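This briefing looks at a single protein model and takes its parts topic by topic. Please keep the sequence and the 3D view open while reading.

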Amino acid sequence: MQQEDIFKRYSRQIFIEEIGLEGQRKIMASKVLVIGAGGLGSPVIQYLAAAGVGTIGIADFDKVELHNLNRQIIHNENGVGALKIKSAETFVSNLNHQVKVTGIEEKIDASNVLETLSQYDIIVDGSDNFSTRYLVNDTCVALRKTLVYGSILGFSGQVAVFNHHGSKNLRDIFPEPPSDEEMPDCDSLGVLGALPGIVGSMMALQTLKIITELPVNLNQLTLIDTLNWRFQTLEF
């Protein structure tokens with residue numbers, strides 16, 4: 001893309017002193033893996049694509065269902081029954097054709113996690129189960145990859161940046177995962193659609209700050225309570 005075209009499209013980011021043209025070029029050269037194209041992955045994918053992230057990998061093996069649409073905003077009624085990665089690819093290409101999208105139609109597990117994560121600069125985990133979260137976390141530690149973490153349930157959410165330049169990781173605050181069977185999820189307790197929009201946007205913003213080498217708070221977990229409108233930060 002010519003410099004004048006870059007400026008025309010991304011001028012409102014380039015105008016920010018801390019970003020500038022150099023920061024925009026870093027964004028366009030970056031490779032980010034988003035795990036999950038659901039409630040959290042949707043706003044992450046949307047804002048990373050809008051910002052011009054050069055390559056976005058999307059790992060998901062589910063199909064779009066009607067009940068997804070209250071919160072998974074990159075999908076629509078016409079895509080019900082289609083693979084989420086195909087729906088996501090269509091969304092990104094319509095929003096920003098200059099972004100390269102790599103759809104990964106697989107469940108991230110022990111057989112593929114190392115190879116998949118190794119191809120990206122930053123990992124954004126929008127998965128919905130503890131086994132995947134801990135597997136991704138441990139692999140990021142092994143590969144020395146920065147992990148942007150988020151979770152949601154009901155009116156509550158969490159956001160953190162793990163393993164950035166060797167900072168603490170998920171196991172430093174929660175050493176062992178609970179079993180997925182013991183924990184409630186959105187299927188059983190529900191989620192108000194705007195909540196993943198808030199949390200996912202925060203995850204996308206942290207990702208863009210990391211790409212452009214802006215400071216991010218490390219060894220902290222942000223707790224979001226949208227019912228009582230309280231935001232807390234726990235240091236660990």
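Val34 stands opposite Val124, a residue of strand β4. The model is a predicted one.

- Strand β1, residues 31–35, and strand β4, residues 122–125, pair in the parallel sense, and four bridges join them.
- In general, strands of a sheet pair through backbone hydrogen bonds, and the pairing is either parallel or antiparallel.
- The order of the strands in an open sheet of eight is β3-β2-β1-β4-β5-β6-β7-β8, and the pairing is mixed.
- The edges are taken by β3 (100–104) and β8 (230–235), each with a single partner strand, so one side of each has no neighbour in the sheet.
- On average, neighbouring strands of this sheet are turned by 15° against each other, with direction ignored.

**A helix across the strands**

- Helix α6, residues 130–143, lies across β1, β4, β5 (146–153) and β6 (156–162).
- The angle at which α6 runs to β5 is about 165°.

**The second largest pocket**

- The second largest pocket holds about 280 Å³ of space.
- Its lining is made up of 14 residues, and Gln13, Ile16, Ala51, Leu205 and Leu208 are the ones that lie nearest the centre of the pocket.
- By class, 10 residues of this lining are nonpolar, three are polar and one is charged.
- Helices α3 (41–51) and α9 (194–211) each give at least two residues to the lining of this pocket.
- Helix α9 supplies the largest share of the lining, with five residues.

**Tyr47**

- Tyr47 is placed in helix α3.
- Is Tyr47 buried, partly exposed or exposed? Its relative accessibility is 44%, so Tyr47 counts as partly exposed, a class that runs between 20% and 50%.
- With neighbours within four places in sequence left aside, Tyr47 is in contact with Ser201 and Ala204.
- Between Tyr47 and Leu147 there are 100 residues in sequence and 17 Å in space, taken from C-alpha to C-alpha.

**Ser30**

- Ser30 is found in the loop between α2 (20–29) and β1.
- Ser30 counts as buried because its relative accessibility is 6%, and buried means under 20%.
- Residues up to four places away in sequence are not counted here: Ser30 touches Val53, Gly54, Thr55, Asp121 and Ile211.

How values were computed: Residues are numbered from 1 along each chain as its sequence is written. This is a predicted model: local features need pLDDT of at least 70, side-chain atom pairs count only at pLDDT 80 or more; totals for chains, interfaces and linings use all residues. Side-chain values use heavy atoms; hydrogens and water are left out. On a 1 Å grid over the protein atoms alone, a cavity is a set of points where a 1.4 Å probe fits but cannot get out, and a pocket is an open set with protein on both sides within 12 Å along at least five of seven lines; lining residues have an atom within 4 Å of a point. Grid points are joined across faces, edges and corners, and a volume is the space filled by probe spheres set on the points. Ala, Val, Leu, Ile, Met, Phe, Trp, Tyr, Cys and Pro count as nonpolar, Asp, Glu, Lys and Arg as charged, and the others, Gly among them, as polar. Buried means under 20% relative accessible area, exposed over 50%, partly exposed in between (1.4 Å probe, protein chains only). Contact means heavy atoms within 4.5 Å. Two strands pair if DSSP finds at least two bridges between them. Axes are lines fitted to C-alpha atoms, for helices over the stretch in contact, and angles run from 0 to 180 degrees between N-to-C directions.
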